[in-house]
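User: Hi! Could you walk me through a structure I have just opened? I would like to understand a few of its helices and strands.

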Amino acid sequence: MAETKQFKAESKRLLDMMINSIYTHREIFIRELISNASDAIDKLYFKSLTDDTVGMNKDDFEIRLTADKDTRILTVSDNGIGMNEEELENNLGIIANSGSFKFKNENEKNEDVDIIGQFGVGFYSAFMVAKEVEVRSKAFGADKAYAWRSSGVDGYTIEECDKEKVGTEIRLTLKEDTETENYSEFLDSYHLKELVKKYSDYIRFPIKMDVEKSRRKTDAADDDYSDNAYETYYENETLNSMVPLWRRNKNELKPEDYNNFYKDKYYDYNDPLKYIHSKIEGTVTYDSLLFIPSQPPFNFYSKDYEKGLQLYSSGVLITDKCADLLPDYFSFVRGLVDSADISLNISREMLQHDHQLKTIARSIEKTIKNELKKLLNNNREEYEKFWKAFGIQIKFGCYDNYGRDCDAVKDLLLFTSSAEKKLVTLDEYVDRMKEDQKYIYYAAGDNVNMIESLPQTELLRDKGYEILYLTDSVDEFVMKVLMRYKEKEFRSVSEGDLGIDTEEEKEETKKLAEENKDMLTLIKEALDGKIKEAKISDKLKSHPVCISSVGRISLEMEKVLNQNPQNEKVTSEKVLELNPDHKIFSVMQKLFNEDKEKFKTYASILYDQALLIEGMSIEDPVGFSNKVCALMSE
Ligand code: ADP
């Protein structure tokens with residue numbers, strides 16, 4: 001009997017965690033073992049290029065899976081470089097190389113379990129599914145082969161064994177199934193095939209397996225469809241596709257290749273709106289394949305949606321959703337990044353702080369932005385489709401974090417404009433601003449028609465100024481964080497001075513305000529604290545009144561914010577503006593002198609009307625209706 005050796009303390013703890021892991025994605029052990037096998041083959045292949053004694057061609061290398069249901073043994077074997085006795089001892093007895101695995105204090109154990117799940121910690125992950133692990137290996141250039149065996153924390157043995165060919169064979173005797181755990185599935189060739197596809201499809205050496213198949217026996221009777229008429233046979237299959245699409249030469253690939261890849265991988269029925277295949281060499285080297293879907297995934301606007309790109313390290317999947325690779329405003333982008341500069345065994349915490357990853361993320365962000373800009377400039381129709389699907393996400397990105405990222409995306413924004421009610425960019429708007437135009441005008445409301453009929457948009461349009469029509473609730477917030485575009489300030493049509501008056505007009509308004517001072521004051525009094533001010537308007541044409549606001553919160557924001565029952569109620573500071581050229585204005589002047597009570601009633605009706613036009617609710621609808629009825633029956 002070989003002597004039983006003890007694991008080093010740290011290895012023992014890691015092993016213990018693996019054995020008792022409650023992690024649901026135990027299946028990643030297969031990825032770990034295959035990736036080790038691939039590394040070992042890489043080493044021997046590299047040697048073979050300069051050393052004839054290796055006696056192997058590239059095509060001779062393979063990784064093989066064998067599943068024996070009777071003995072419950074799953075074997076992963078390779079014909080790579082192998083390990084000698086000392087290497088078995090050093091590589092498997094101690095966790096020396098798993099640099100990613102840093103122990104924390106006892107209390108953080110649970111988090112460690114998550115690290116296992118997310119990124120694996122190499123060879124020991126085999127103990128998540130196996131009660132016994134045997135590694136039989138023959139190193140290149142050695143005469144003898146050795147077997148390393150362990151059933152867990154009690155230690156391991158190493159002794160000589162028979163193995164003719166150079167390479168390594170990892171035999172896992174799987175744990176017994178329990179009520180909740182099914183380990184037998186790792187003996188099922190279909191399941192194994194699926195796992196290989198999922199995690200190791202792009203390993204560059206073939207991963208082969210005899211896959212169980214069923215066929216009709218040649219002598220089966222024509223009418224016999226029972227089990228007896230079928231026999232099981234095995235077919236040697238290569239399970240992985242080996243060359244990742246993204247590593248292939250771009251000019252070898254057709255749009256269908258990308259589209260099919262996308263549909264397959266991301267379960268979309270539609271072709272992507274755009275694919276972006278980049279090969280970047282520089283401070284970090286990576287290949288990336290990015291897709292902009294043509295439609296939002298069904299759960300895109302729900303909490304369930306997780307953004308992220310797949311992250312590969314030289315063709316081996318590290319994580320399915322690396323959120324750090326995408327800024328929130330591009331969360332709709334699907335795809336992957338493959339970089340040899342990212343270590344396979346990197347933990348999630350470390351990934352977050354990884355310098356290389358940050359560099360990649362920045363570069364990805366730029367790539368996406370440039371592509372979208374190109375689309376915007378070269379194919380407006382497609383861009384507008386994109387905008388319809390994901391524009392709101394870009395707007396949220398603009399507004400999030402107090403506008404931290406708004407500079408990055410402001411050029412991608414589109415808004416409906418009063419000019420032909422078409423979508424325009426801010427650039428286009430500013431480009432065709434009138435010479436004397438001070439501000440970028442916008443008006444907010446539920447829909448374009450409603451905004452169009454707002455009294456305060458009429459005169460502006462009439463004078464030939466373009467107005468952006470904001471119909472999404474986030475829009476006005478976007479304007480607030482942007483503040484200006486190309487030096488031009490944004491200005492809501494419902495906010496104070498629009499800067500369209502000539503000096504004479506201004507003088508005129510001032511004079512009128514002076515003359516009607518007492519009347520305006522009485523309106524304010526009549527409305528009993530509801531408005532901050534009543535004033536002579538310079539922005540109305542055919543309507544008698546409108547409401548505007550001063551201060552931080554606009555009318556539209558008041559509406560939007562108060563829709564959320566959890567928010568504390570907010571109110572905007574309102575100004576009632578009166579059109580001095582409207583007939584109603586003289587009616588008010590007359591009443592002011594002749595019948596103060598009636599004047600007050602009229603003031604309150606005008607105020608409520610202004611609110612209604614704005615799409616806001618009025619405080620006392622019954623009172624309003626009664627006042628109108630009283631008027632009608634006069
Ligand atoms: P890592 O792969 O991060 O180094 P592992 O625990 O998976 O950590 O493996 C430890 C070491 O064991 C590897 O670095 C490698 O030297 C050796 N090893 C594992 N599997 C094989 C194999 N199939 N063939 C040759 N060497 C192997």
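This is a predicted model: local features need pLDDT of at least 70, side-chain atom pairs count only at pLDDT 80 or more; totals for chains, interfaces and linings use all residues.

User: Which residue takes a positive phi in the hairpin of β4 and β5?

Analyst: Strand β4 pairs with β5 (residues 156-161) in the antiparallel sense over six bridges, and W148 stands opposite I158 in β5. Five residues lie between the strands of this hairpin, and the one with a positive phi, near 125°, is G152.

User: And which residue in β4 does S137 stand opposite?

Analyst: Strand β3 (residues 130-138) pairs with β4 in the antiparallel sense over five bridges. Within this pairing, S137 stands opposite Y146.

User: Is β4 largely enclosed or open?

Analyst: Buried here means under 20% relative accessible area. Strand β4 (residues 145-150) has five of its six residues buried, so the rest of the structure leaves it largely enclosed.

User: What arc do the buried residues of α1 cover?

Analyst: In helix α1 (residues 9-19), the buried residues are S11, L14, L15, M17 and M18. They lie on the same side of α1, because the arc they cover around the axis is only 160°. In general, residues three or four places apart in an α-helix point the same way, because there are 3.6 residues a turn.

User: Which strands stand at the edges of the five-stranded open sheet?

Analyst: The order in this sheet is β9-β10-β13-β11-β12, with mixed pairing. Each edge strand has a single partner, so one side of each is left without a neighbour in the sheet; these strands are β9 (274-280) and β12 (316-322).

User: Where is the bridge partner of I276?

Analyst: β9 and strand β10 (residues 286-292) pair in the antiparallel sense over seven bridges. The partner of I276 is in β10, and that residue is L290.

User: In the six-stranded sheet, what stands opposite I440?

Analyst: That open sheet has the order β15-β14-β17-β16-β19-β18, with mixed pairing. Strands β16 (residues 439-444) and β19 (residues 488-492) pair in the parallel sense over four bridges.

User: Are α9 and α14 parallel, perpendicular or oblique to each other?

Analyst: The axes of α9 (residues 380-403) and α14 (residues 475-482) come within 9 Å and cross at roughly 55°, and the crossing is left-handed. Contacts involve residues including Y399 and Y402 in α9 and F477 and V481 in α14. Roughly parallel would need an angle under 35 degrees and roughly perpendicular 65 to 115; α9 and α14 are therefore oblique.

Methods:
Residues are numbered from 1 along each chain as its sequence is written. Side-chain values use heavy atoms; hydrogens and water are left out. Buried means under 20% relative accessible area, exposed over 50%, partly exposed in between (1.4 Å probe, protein chains only). Helices (H or I, at least four residues) and strands (E, at least two) are DSSP runs, numbered from the N terminus. The arc is that of the directions from the helix axis to the C-beta atoms. Two strands pair if DSSP finds at least two bridges between them. Axes are lines fitted to C-alpha atoms, for helices over the stretch in contact, and angles run from 0 to 180 degrees between N-to-C directions. Angles under 35 degrees count as roughly parallel, over 145 as roughly antiparallel, 65 to 115 as roughly perpendicular and the rest as oblique. A crossing is left-handed if the near helix is turned anticlockwise from the far one by less than a right angle, and right-handed if clockwise. Contact means heavy atoms within 4.5 Å.
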